[in-house]
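Here is a brief report on ring contacts and a strand pairing. The structure comes first, then the details.

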Amino acid sequence: MLNVGIHTGSWQRSSEAPTAFADPGYYVRMARIAERGRLDALFLADGPALREHPALRPSQALEPSVILASVAAETEHLGLIGTLSSTFNDPVELAHRLLALDDLSGGRLAWNIVTTYSLPAGGNFGLADYPDRPTRYRRAAEFVDVVRALWRDAADPSGRGIDHHGEFFTVVGSLPQGPSPQGYPLLVQAGGSPQGRELAGRVADAVFSAELDLGAGIDHYRYVKDVAVAHGRRRGDVKILPGLITTIGSDRVEAERRYDEQNALLPVGHDLERLSQVLGEDLSAHPLDEPVPARLLGEVADPAKFGASLGFRESVVRLIESRNLTLREAVREFSGAGHRVVVGSPADVADTIERWFLAGAADGFNLMPDVFPDGLEIFVDEVVPLLQRRGVFRTEYTESTLRERFTGYAYPVGVPTLVTTRFA
């Protein structure tokens, strides 16, 4: 759930107020629609700085754990996934905050782990020199290990505390609380770089991926699950959830019209500028109806210093090469967001979901409707019943926690006994 829709112009078409992104009640209203559709969870991004000019696209203003606390109080089954950066947080404070929210929600929380490369965010936190990619991922890996150790200690009846001395953190002690109903929050990862996939295979319960075609989706799915196995886990222990952007109409003609009307609201060259950022070079002077320059499709010269997402870049490059796309075609396929886009009828969307699931490219999807609320409402009212009739989606919630829903386990693997009386 990004602002009032994944499309940059969504705030100009939504029936919600343009300032809804700053209203906790807005997120509650959308969460109730999602819960009516038996969806898994509400997934929030985060950006600890103003990322875009508000005149172009208002951005999420409220900190994600605050939003999720509001949603938790007004829902019963819907999972809660919040993105919080390992670059700009403290592992002890974050572990405590998220475990408290997990307990408050009855065991419905997951933490989406990211590293952050954002010059405005760096300025907010006083960073003169931004850490390079390897450093950010080493810090992220150690950050996650500290958080997990604190959570596991909280679930231990003996409560001995942890004694951690690492490259980035020294933590000696324990959290002032016991476990949540699911033990502690699930871990979600959203990075397509080699370091990100390694972290995902080692610790993540779910991965938010960015794959634009089925073949790339299958390859990524196998790769991450192979990494999980290499770390002694089962293939099913990590769920792969590709992003899926939807623009839905009663038929394809109506959906295409909706899509074109949305794009007409964007500044000239907006999506081309986004694609330029992903590929690492300004493409504004390149002819739109000629192929994308081959020099932009090779390996990144210095991945450690590449500012954009390597995962987004890899998926876009693969799509361009596989179809020999012109720049105009690449801009349309990329759609300013870097995830697979389906513009069509409810059946078209259901077909894509079923095809990727049965082909072994996805365990589920991170759904990104173009505009809230109607883009979500039509999915819940028209696409979900199709998936239910095909036998690939639930008709009722049957699990009490998000861990049971995603993993089938009542408690984290390796934590045999969880108690709620540690401080009794």
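## A buried ring

Phe-143 has 0% relative accessibility, so this residue counts as buried (under 20% relative accessible area; exposed is over 50%, partly exposed in between; 1.4 Å probe, protein chains only).

## Basis

This is a predicted model: local features need pLDDT of at least 70, side-chain atom pairs count only at pLDDT 80 or more, and totals for chains, interfaces and linings use all residues. Residues are numbered from 1 along each chain as its sequence is written, and side-chain values use heavy atoms, without hydrogens and water.

## Aromatic pairs

The structure holds nine aromatic pairs (Phe, Tyr and Trp rings, the latter by its six-membered ring, with centres within 6.5 Å; planes under 30 degrees apart are stacked, over 60 edge-to-face, the rest tilted). Phe-143 and Phe-169 pair edge-to-face, at 5.7 Å centre to centre and 80 degrees between the planes. Phe-143 sits in helix α5 (residues 133-154) and Phe-169 in the loop between β4 and β5, so their pair ties together parts 26 residues apart in sequence. Helices (H or I, at least four residues) and strands (E, at least two) are DSSP runs, numbered from the N terminus.

Phe-169 is buried, at 9% relative accessible area. Phe-168 and Phe-169 form a tilted pair: 6.4 Å between centres, 50 degrees between planes. Phe-168 is partly exposed, at 28% relative accessibility.

## The hairpin

Strands β4 (residues 162-165) and β5 (residues 170-173) run antiparallel, joined by four bridges (strands pair if DSSP finds at least two bridges between them). Asp-163 has Val-172 in β5 as its bridge partner. Four residues separate the two strands of this hairpin.
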